Amino acid sequence: MQSVQSNLISLRAVKKGERFIVRQIDDKDMRTQLLRFGLAEGSEAMCFERLPFGPVVVKHRRQEVAIGEELTKKIWVEVIAN
Amino acid sequence: MQTLIIESEPLSPSVEKTGKKKLVLVGNPNVGKSLFFNHFSGLYVDVSNFPGTTVEITEGNYKNFRVIDTPGIYGVSSFNDEERVARDEVLSADIVLNVIDATNLERDLFLTLQLIDMQFPMVVALNMMDALEEAGMEIDVERLSEILGVPIVKVTAIKKHGFDELEKALENATVGNADKTLLHELEPIVARLKQTLNPIADAVMILEGDETVAERHGIAPEDKREEIYVARRNRVNEIVSEVVREKSAMKVGAVISEKLGKWTINPISGIPILILALWLIYEVVGVMVAQRVVGHTEVELGNKLFEPFVKHLFATITPVEISVDVLNGEEVIETKSFAFPEGTSRDKAQFDEFKAFIEGKDVMQNFAFSQETLWGKIVTIFAGEFGAFTMTVTYLAFLLLPLVIGFYMFLAILEDCGYLPRLATMVDRLFTGIGLNGRAVIPIILGFGCVTMATVTTRLLQTSREKTIAASILNFAIPCSAQLAVITALLTKAGGFYTLVFFFIILSCLVAIGTIVDKILPGKSSALLIDLPPMRLPRASNVLKKTWIKTKSFMQEATPWFFIGALLISVMQVTGLLEGWVKLFEPITTHWLQLPAESARAFVMGMVRRDFGAAGLYELNLTPQQIVVSLTVITLFVPCIASLMVLIKERGIREAMTIWAGSWLFAFSVGGIVALII
Ligand SMILES: Nc1nc2c(ncn2[C@@H]2O[C@H](COP(=O)(O)OP(=O)(O)OP(=O)(O)O)[C@@H](O)[C@H]2O)c(=O)[nH]1
Ligand SMILES: [Mg+2]
């Protein structure tokens, strides 16, 4: 487990409608895959929908991406004011 | 190491072999590549609104090009099967046609820049211009083309706008403006390559750490992937902020589509929507088509018109006894037998009497051909109870065809509207319980169309582990459209309560199989990561075309098997083997499953094809409980021969035979338990 800055929360914990900046992705393969998607470290997105026990749907520009629970735990974000 | 390389590098330019240039369609998933392919080649490959429709390479011809359709990819690399398949096609391209989604430049340009870095002669098709307008956005295409250094053509593929310009642009395909620093780093690698079609492209792959390509050239891969990707990502972001402009708010259409999409994901609204969709399918296919249409075609056209017509042809010269049931609705009001010991043509008087008797009446004619001579036996094989000419045609054309058309149409609508990836999201949590992620809902739903095709679609799953689990579920527990058709028809006879019971049984089996395979296999499954395309109104032309193509290929594939199946069972009948088989199975059928002994016949038929077996059950007179038991057995029964072949090809002989043999055991065990309980 890599260390995480204190102002960061996992994507799992982001509330519906909140905007955030992706700061850290813990898995190397995932990091490269998300770089291609456009959800790299440093990119801004919004929590479009979240299921009670399940994926988080992130909206990034016009693109919606569903991210499974396991994965959301590895993505650390900084919530920003709307 | 060099001597160990078995895979030969794709060297000789394809032009030399065929005189035709290889034009490869490359792009992110779901951007419209297959639609372009269909336009250029005049062929039809599946076009659907979910990422991962295309999982195989298809080749066609267009002018002096060989056009290649590839699976959608987010970059040229080897992360999964789809990427590996696409990678080799891209690397051997003469010209690349990069299709990008105008509303998603930030995502799509990443691949575009990679292709440019690889120095392919290329053209960019900026597709979905209509959706861009709807989204209220604008792209400075000239500026984009200037930055990239390649021709860009605006296209709206669904309206066929822009294809003419695109065809012209293909003649001016150019190599774009690659990243200078990257090109510099490539030089030493290029110098070490073996002969290859696109040395720079191979070198980019090696620099990005692609093991397969490096091995082909006998050199070690570098580890610059992340560094290069970050630089590329930054360049994309710069370009996007320069050329994309928000012009106005989203149009009403786009807003509605977004809202609707949201409702389908959230379980509170999503579950009712799912139930509504299932109910609609049941009402239309199950009630309307299965009861009204099939009730008419199967009995009126098949049993009363077509079969007697064929049988009378044989009867002219074959000893036969025809017994006639006069019907009033469902009820038999009179029965009379006519014997023709030398065939109907030799006994004019008797035949005239027969004709006068049936004149103007609603009758069902039952033919019993004498089996004393060899000829009589042959006639029975072709036109008897299970006659290859009679039963095959009735089952296929009058029973299955209308139902299969209905199912395929609904599937095509589901595939086209963008619902499937959202359903995948909603059910993700449930699927993780059986070692899959939500994405697996796509092959499983397609399995209700055709298990054989769906087994191929399991390729869109990430790991081999998930593919095995999904393939097992498909081949154990998912009835294909034709089978489902008969099941629905039988269930409507059994009633609503028993329909639910049956549903519950099959669902439990599905979960049980998933759980067991998940427990047995080592390793861990991957988490969901899926693009959600916008919800769109299904296009009538695409839905009809797809229904037609799928139905046609179902008929083409099923006909020979049904014919063989009918031959097999008829031969067994005239040789007495069938009776032996029925006897042999009696302990299982009558005691263990509490079914009539003749149901053993359906299992012979089911080995050839499950839908054929299900159709065999349709002819028996079963109580509602027996319907549930027999349908459970036939649903869980062995995959059809065609599926088995694909299963062997996709998952290997060991896995395939395990599934096949396991099905016997599983089907009869579960069937017996159900018989005990209900
Ligand atoms: N609105 C709009 N939709 C389009 C356009 N072109 C394609 N589509 C739709 O986009 C979806 C995807 O089309 P496909 O041709 O299957 O895309 P693909 O790139 O082959 O997808 P994969 O095989 O999954 O990689 C379909 O639902 C098309 O109807 C367009 O110009 N405008
Ligand atoms: Mg495709």
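How many bridges join β10(B) to β12(B), and in which sense do the two strands run? Seven bridges join them, and the strands run antiparallel.

## Basis of the description

This is a predicted model, in which local features need pLDDT of at least 70 and side-chain atom pairs count only at pLDDT 80 or more, while totals for chains, interfaces and linings use all residues. Residues are numbered from 1 along each chain as its sequence is written, chains are lettered from A and ligands numbered from 1 in the order in which they are written, and side-chain values use heavy atoms, with hydrogens and water left out.

## The three-stranded sheet

In chain B, three strands form an open sheet in the order β11-β10-β12, with antiparallel pairing (strands are DSSP runs of E with at least two residues, helices runs of H or I with at least four, numbered from the N terminus; two strands pair if DSSP finds at least two bridges between them). Because β11 and β12 (363–369) of chain B stand at the edges, each with a single partner strand, one side of each is left without a neighbour in the sheet.

Strand β10 (residues 320–328) of chain B and strand β11 (residues 331–340) of chain B pair over nine bridges in the antiparallel sense, and Leu327(B) has Val332(B) in β11(B) as its bridge partner. The hairpin of β10(B) and β11(B) has two residues between the strands, and there Gly329(B) takes a positive phi near 70°. On the side of β12(B), Val320(B) stands opposite Phe369(B).

## Packing of α16 and α23

Helix α16 (residues 390–417) and helix α23 (residues 540–575), both of chain B, have axes that come within 8 Å and cross at roughly 150° (axes are lines fitted to C-alpha atoms, for helices over the stretch in contact, with angles from 0 to 180 degrees between N-to-C directions). That makes α16(B) roughly antiparallel to α23(B), a term used for angles over 145 degrees. The residues of this contact divide into 20 nonpolar, five polar and four charged.

## The magnesium site and Ile381

The magnesium ion (ligand 2) is coordinated by Ser34(B) through OG and Thr54(B) through OG1, at 1.9 to 2.0 Å (donors are N, O and S atoms within 2.8 Å of the metal, or 3.2 Å for Na, K and Ca; water is not among the atoms, so sites may look incomplete). The pair links distant parts of the chain, 20 residues apart, with Ser34(B) in helix α2 (residues 33–41) of chain B and Thr54(B) in the loop between α2 and β2 (58–62) of chain B. Both Ser34(B) and Thr54(B) are buried, that is, under 20% relative accessible area with a 1.4 Å probe and protein chains only.

Ile381(B) lies in helix α15 (residues 374–383) of chain B and is buried, with a relative accessible area of 13%. Ile381(B) and Met572(B) are 191 residues apart in sequence and 9.2 Å apart in space, C-alpha to C-alpha.

Notes. Parallel < 35°, antiparallel > 145°, perpendicular 65-115°, else oblique. Nonpolar A, V, L, I, M, F, W, Y, C, P; charged D, E, K, R; others polar. Buried < 20%, exposed > 50% of the residue type's maximum accessible area, 1.4 Å probe, protein only.
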